[in-house]
Amino acid sequence: MAIEMVLSGFLFLFIIIVLVVVLFVAFGAYSLILGVVWTISRITEGLIDFYNEKNYWGLLNIARKYSSTSGAEKTTLSDLARTITKTKSSRFAFAMIFWSIGTLAFSIMLVTYGVVPPLIGWLGIVASIFVGFADGIKFVKPNAIDSKVFKVLFSIGGLVAILFEVLIGGWLLFFSIITP
């Protein structure tokens, strides 16, 4: 099981780095500065996520132990799981700030140079601003994450980010097939 965990983490990191490098090669000629910012930000995001991967597997191990224990040991395992979840959440928010910076740079390049339809580029800009702002708030005002306004902003940002990722991925995959 441990070797599978490590391999899945390495595969995840490898895919992120390959994607970043391929897109840098494809689009770096439009703007070298934005390409470098995007590349560094997205690789940093991938490294943080890779480092955070061990927490997911730690939670699975705690769940296995929890089902076969009782009493004080269950309480200890619950507290440990809560601590891991908090740490995982703050690291993920930090990684998403790097996602936001990288996506903003990439989307500015897309809009500026007309590489894709403007709507896709602008969706990336809006998504990166929403996600970056929401995750920044988590660090500056941790208590604000319980407010309805924050939850709405975070949900809108997440939905726009998913829409952007699906549209840009679809466009890059299928547009190259459609064009002669």
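Tutor: Let us begin with the largest pocket, to whose lining α5 gives the most, with nine residues. The model is a predicted one, in which local features need pLDDT of at least 70 and side-chain atom pairs count only at pLDDT 80 or more, whereas totals for chains, interfaces and linings use all residues. Residues are numbered from 1 along each chain as its sequence is written, and side-chain values use heavy atoms, with hydrogens and water left out.

Student: What makes a residue part of the lining of the largest pocket, and which residues lie nearest its centre?

Tutor: On a 1 Å grid over the protein atoms alone, a pocket is an open set of points where a 1.4 Å probe fits, with protein on both sides within 12 Å along at least five of seven lines; a lining residue has an atom within 4 Å of a point. The lining comprises 23 residues, and Leu 19, Arg 42, Trp 99, Glu 165 and Ile 168 lie nearest the centre. The elements that give two or more residues to this lining are α1, α2, α3 and α5. The volume of the pocket, taken as the space filled by probe spheres set on points joined across faces, edges and corners, is about 530 Å³.

Student: How do you know how many helices and strands the protein chain has?

Tutor: Helices are DSSP runs of H or I with at least four residues, strands are runs of E with at least two, and both are numbered from the N terminus. By that rule there are five helices and zero strands, giving the pattern α-α-α-α-α along the sequence.

Student: What makes the pairing of Glu 165 with Arg 42 a salt bridge?

Tutor: A salt bridge requires a side-chain nitrogen of Lys or Arg within 4 Å of a carboxyl oxygen of Asp or Glu. In this pair the closest N and O atoms are 4.0 Å apart. The pair links distant parts of the chain, with Glu 165 in helix α5 and Arg 42 in helix α2, 123 residues apart. Arg 42 also forms a salt bridge with Glu 45, at 2.8 Å; these two residues both lie in helix α2 (residues 32-67), three residues apart.

Student: What makes a set of residues a nonpolar core, and which members of the largest one touch the most others?

Tutor: A nonpolar core is a set of buried Ala, Val, Leu, Ile, Met, Phe, Trp, Tyr and Cys residues joined through side-chain atoms within 4.5 Å. The largest has 21 residues, of which Phe 106, Leu 110, Phe 164 and Ile 168 touch the most other members. Its largest share, six residues, comes from α3.

Conventions: Buried means under 20% relative accessible area, exposed over 50%, partly exposed in between (1.4 Å probe, protein chains only).
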